[in-house]
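Welcome to a short tour of a structure that may be new to you. Please have a look at the sequence and the model before reading on.

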Amino acid sequence: MKITLDKNTLLQPLSKVVSITEKRSLMPILSNILIHFKKDMTIIYSTDLEISAIISLNLLSEEEKRVVVHGKKLLEVLRELDNGDIVLEFKDNIMNLTQKNTDITLSLQDPEEFPETKEIEKGNGFFIKGKQLLEMIGKVSFAVSLDETRYILTGMHLKGNDGNMVVVGTDGFRMALFQKEIAEMKSFQGITIPKRSLSEIEKIISEEDDVNVVIDEKHVQFSTERIKIISRTMEGNFPEYENVLPAGNTNMAVVQREEFLKGLKKVSAIIGRSEPVRITLGDNMMVIEAESDIGRAKEVINIGYEGEETNMNFNVRFLLEVVNRVGGETMVLAAPKTYGAVLFTGEDSNEYKNIVMPIRI
């Protein structure tokens, strides 16, 4: 069997899904992709058993054939070839790629050993714009835990309420909550999606896509015109995030977001990324301070403030990640009178909320 095609016909879709392939050697077959050449289309499958991707291509073949080839190596080969046509020829367990003076041979695996990828055909479903989906992931995924001992916190929680969708990420020390009005959104029970799946979705989905989301008992599927991404959902009860949002914080500071961000960056230059900074609020001023073996740093910012004088210590990385994602020119810090979670909101406080726990020193 021989096929002639433009190299970018394979290169572009492969570059989206090869990162899904399993990099460890527990199941060597998962380092491969399956390409199904058909008379009416070509389909590429990639999976690590936790997340799978299916891409349909407008590539026709005179014969039907399924081949399994090392995904990363095929991608590297295609990247190095010149633009233009290449010839693929299959014989026994060999794939031969030729272009001008270049001749490359790759070994093939048994297609019967490649895991079956099942699409979700029935379940709760809704449509969302790619831009909205990517915005929601970007607003909360940074707060998702990396600690595998707190398993359920290593994913993003997604829940539908009539007319809007809520996504939440937390690691137990901070929480990001973002909700967006989605036309015709119906209520559905919350699901938790692994962080790795979120990273792959961000690579594959584009802002221009219309995305159909379908949820069954153990999986969620994101479908565009040409691509399907199927991820397992995580078992376990996600924390009751509504109860975590502080309602009685009365020390209220309004600060210019860019000034706050620049102040944090200046002061954090003398400390490590996860070391504490001290924030003091009072007399319409915010004082940001840090100290290390290298020296001391202090930044004073004019703010609008109502409340008692208070000071708190924070992991500086947590603050930088929040301030970088809050939109608008100003943001509000709502702190309690005693030790407790601090609420950070932007100009649209009903849409995006962050809470960060101060550090006890």
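Let us start with His219, which touches Ile120, Val214, Ile230, Ser231, Arg232 and Thr233 when residues up to four places away in sequence are not counted. Contact here means heavy atoms within 4.5 Å. His219 is located in strand S15 (residues 219–223); strands are DSSP runs of E with at least two residues, helices are runs of H or I with at least four, and both are numbered from the N terminus. With a relative accessibility of 31%, His219 counts as partly exposed. Buried means under 20% relative accessible area, exposed over 50%, and partly exposed in between (1.4 Å probe, protein chains only). Between the C-alpha atoms of His219 and Gly328 there are 36 Å, and the two residues are 109 places apart along the chain.

A word on the basis of all this: the model is predicted, so local features need pLDDT of at least 70 and side-chain atom pairs count only at pLDDT 80 or more, while totals for chains, interfaces and linings use all residues. Residues are numbered from 1 along each chain as its sequence is written, and side-chain values use heavy atoms, with hydrogens and water left out.

Asp6 has Asp85 in S6 as its bridge partner.

Next come the salt bridges, of which the whole structure has 17. The term means a side-chain nitrogen of Lys or Arg within 4 Å of a carboxyl oxygen of Asp or Glu. Here are some of them:

| Pair | Closest N and O atoms |
|---|---|
| Arg66 and Glu112 | 3.5 Å |
| Lys180 and Glu351 | 3.8 Å |

Lys180 lies in strand S12 and Glu351 in the loop between strand S24 (342–345) and strand S25 (352–356), so this pair ties together parts that are 171 residues apart in sequence. Glu351 is partly exposed, at 21% relative accessibility. Salt bridges with shared partners also join Asp48, Arg196, Glu200 and Lys203 into one network.

What about the interior? A nonpolar core is a set of buried Ala, Val, Leu, Ile, Met, Phe, Trp, Tyr and Cys residues joined through side-chain atoms within 4.5 Å. The largest one has 97 residues, and Leu74, Phe260, Met286 and Phe344 touch the most other members. Helix H6 (residues 316–325) gives the most to this core, with 6 residues. Leaving aside neighbours within four places in sequence, the contacts of Met286 include Val255, Phe260, Ile279 and Leu333. Apart from this core lies another, of 13 residues, among them Ile152, Met175, Leu177 and Phe238. In soluble globular proteins, nonpolar side chains tend to be buried together.

Finally, Leu26 is exposed, at 72% relative accessibility, and sits in the loop between helix H1 (7–17) and strand S2 (32–37).

How values were computed
Pairing = 2+ DSSP bridges.
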